[in-house]
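Thanks for coming. I have one structure to go through today, so please look at the screen.

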Amino acid sequence: MYKTLTATACALLATTLLTTGCSESAKDTHPQQLLTKRKAVFKQFTGALEPLGLMARDRKPWDAAAFKAGALELQRLSTLPWPYFTADGNYPPTRAKPAVWDKPAEFKQAQDDYLAAVAALLTAAERGGADSGRPAVEQVEKACKSCHDRFRNAAPGS
Ligand code: HEC
């Protein structure tokens, strides 16, 4: 219901004021800015993973040092989003499914699977070769996707 209202309000604003950036009008009103903070970390996940994906697909030359730096960065980030999914952290415009809060054990398992994939990525990165690096990147990507399939909705209104 909220989504429909927001979409309607955005459509109205867009036609009357020609404003863009309607997503910014959906403010994070939580005093601890939980949604803003976890989204910022997830964006960093994407930023750190992207160059590794390009190397794994031969769209960028293999660079063992850069690969290892990316793996270390993913490991540093890997524990950061989860504390922002607190009991009072489910509010619009979150893309998290209710399952995050209704099935905490499964959500925790998805985090653990992800952490294991990142640990394996780092092991492969320390070995340095593309042969073990490639499949390790794929496993990390799978862990992202598997959690998203179960715990994240398509983008609200965009
Ligand atoms: C254990 C579950 C889980 C894992 C693992 C996970 N994500 Fe997510 N991700 C989520 C959830 C839930 C959201 C929705 C957050 C919200 O809107 O409250 C999300 C949101 C995002 C977003 C959207 C941020 C925004 O601005 O709305 C991006 C990008 C993202 N994840 C990338 C990744 C990448 C890349 C990986 C792997 C390197 C990853 N995620 C791993 C659960 C996960």
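Predicted model: local features only at pLDDT ≥ 70, side-chain atom pairs only at ≥ 80, totals over all residues.

α3 does have a kink of about 30° at L49, shortly before the proline P51. L49 is also one of the buried residues of α3, and A48 and L52 are buried too. The cover over the buried residues of α3 includes α4 and α7.

Now the ligand. It is surrounded by 22 residues, and the closest are F42, R95, Y114, C144 and C147. α3 gives the most to this shell, with eight residues. α6 and α7 each supply at least two, as does α3. By type, the shell has 13 nonpolar residues, four polar and five charged.

Next, the loops. Q33 lies in the loop between α2 and α3. Its phi is positive, about 55°, although Q33 is not a glycine. Is Q33 buried, exposed or partly exposed? Q33 has 13 other C-beta atoms within 10 Å, so it is partly exposed.

After α3 comes D58, whose phi is positive, near 60°. D58 sits in the loop between α3 and α4. With 10 other C-beta atoms within 10 Å, D58 is exposed.

Last, P93 lies in the loop between α4 and α5. The peptide bond joining P92 and P93 is cis, with omega about 0°.

Technical notes: Residues numbered from 1 in each chain as written. Near = placed C-beta within 6 Å. Helix = DSSP H or I, 4+ residues; strand = E, 2+ residues; numbered from the N terminus. Nonpolar A, V, L, I, M, F, W, Y, C, P; charged D, E, K, R; others polar. Bend = angle between axes of the 7 residues up to and from the residue. Buried ≥ 20, exposed ≤ 12 C-beta atoms within 10 Å, placed from the backbone. Contact = placed C-beta atoms within 7 Å.
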